[in-house]
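Hi there,

Here is the structure I promised to pass on. Have a look at it first, and my notes follow below.

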Amino acid sequence: MKIVDAHVHLGTWREFDLSFSLEDLEVVMTQYRYSGAVVLPALEGHRFTANQSLLKQVAGDSRFYFFAWVDGTTTQAELESYGSDLRGLKFHPSISQKPITEGRLSTALEFANKRSLPFLYHTGRTPISWPERLMAVVSSYPKVKFVMAHMGGNAYDRINDTLQHWPTLPENVWVESSTARHPDLLKRAIAQWGDDRVLFGTDLPFTDMRLNWDCIRYAGLEDNQAFLGANLLRLLEDWS
């Protein structure tokens with residue numbers, strides 16, 4: 001069985017006195033039998049520098065899927081510079097303090113649409129990063145594989161609201177499970193949206209892997225191949 005984490009950050013967060021290295025990730029991968037992981041920079045400092053630093057670490061390693069951090073200043077030339085190692089994009093509206101509906105995001109979205117790339121979108125407690133903003137643009141970019149991080153809300157009440165507001169998901173939208181924390185909520189999401197629309201993710205190092213795996217185990221998903229890896233690999237066009 002292939003277990004692939006859809007959401008891992010590598011880097012250093014000075015304000016939190018926190019760091020998570022490629023070596024730290026490999027320890028997790030060995031312990032929890034990962035086959036691979038989507039890797040993103042720390043979302044600290046200069047965006048392009050952070051992307052390039054991470055790309056140098058993982059380029060050419062088939063276990064890792066590099067997602068570039070994008071914002072309203074991202075250019076097409078920058079995106080093209082990552083070459084074939086670029087497997088997806090990540091936008092964090094709360095950090096950028098820009099909603100996805102802000103016009104300057106169109107460069108990254110049009111690039112992802114042209115390449116049929118996954119687009120990992122942070123959802124959280126503040127209105128700028130609520131799913132409503134994302135849902136306003138998904139039909140305009142039908143070839144983008146939008147993934148709502150944190151199951152639409154990063155907190156129980158926001159995830160519950162997302163489940164209530166969207167009984168079904170648009171054809172090009174998936175959700176990712178990091179910070180769901182509650183096994184019954186995770187089971188409910190899979191029952192409602194289908195285990196082909198929910199991806200396993202952790203948001204390491206901002207969660208504890210022991211708790212992540214316990215949530216999966218108590219939800220009865222530790223043998224669910226679709227959730228744990230197959231769905232993501234299909235989005236990445238790397239399933240065999």
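Let me start with D214, which is partly exposed, with a relative accessible area of 29%. On that scale, buried means under 20% relative accessible area, exposed over 50%, and partly exposed in between, using a 1.4 Å probe and protein chains only.

Before the rest, two notes on the basis. This is a predicted model, in which local features need pLDDT of at least 70 and side-chain atom pairs count only at pLDDT 80 or more, while totals for chains, interfaces and linings use all residues. Residues are numbered from 1 along each chain as its sequence is written, and side-chain values use heavy atoms, leaving out hydrogens and water.

D214 has a partner: its side chain meets that of R217 in a salt bridge (2.8 Å, N to O). By salt bridge I mean a side-chain nitrogen of Lys or Arg within 4 Å of a carboxyl oxygen of Asp or Glu. R217 is also partly exposed, at 38% relative accessibility. Helices here are DSSP runs of H or I with at least four residues, strands are runs of E with at least two, and both are numbered from the N terminus.

Helix α9 itself covers residues 209–218, and its buried residues are M209, N212, W213, C215 and I216. Seen down the axis, these fall within an arc of 155°, so they line one face of the helix; the arc is taken from the directions from the helix axis to the C-beta atoms. What do they pack against? Their partners are β1 (3–9), α1 (22–32), β4 (34–40), α8 (183–193) and α10 (225–235), with contact meaning heavy atoms within 4.5 Å. The face turned away from the buried side carries the exposed residues R210, L211 and Y218. After α9 comes G220, with a positive phi near 75°.

As for salt bridges, the structure holds twelve. In helix α8, D184 and K187 are three residues apart, about one turn, and their side chains form one at 3.7 Å, N to O. Another joins D157 and R125 (2.9 Å, N to O). That pair links distant parts of the chain, 32 residues apart: D157 is in helix α7 (residues 156–165), and R125 is in the loop between β7 (118–121) and α6 (131–135). Finally, E26, D61 and R63 are linked in a network of salt bridges.

Best wishes
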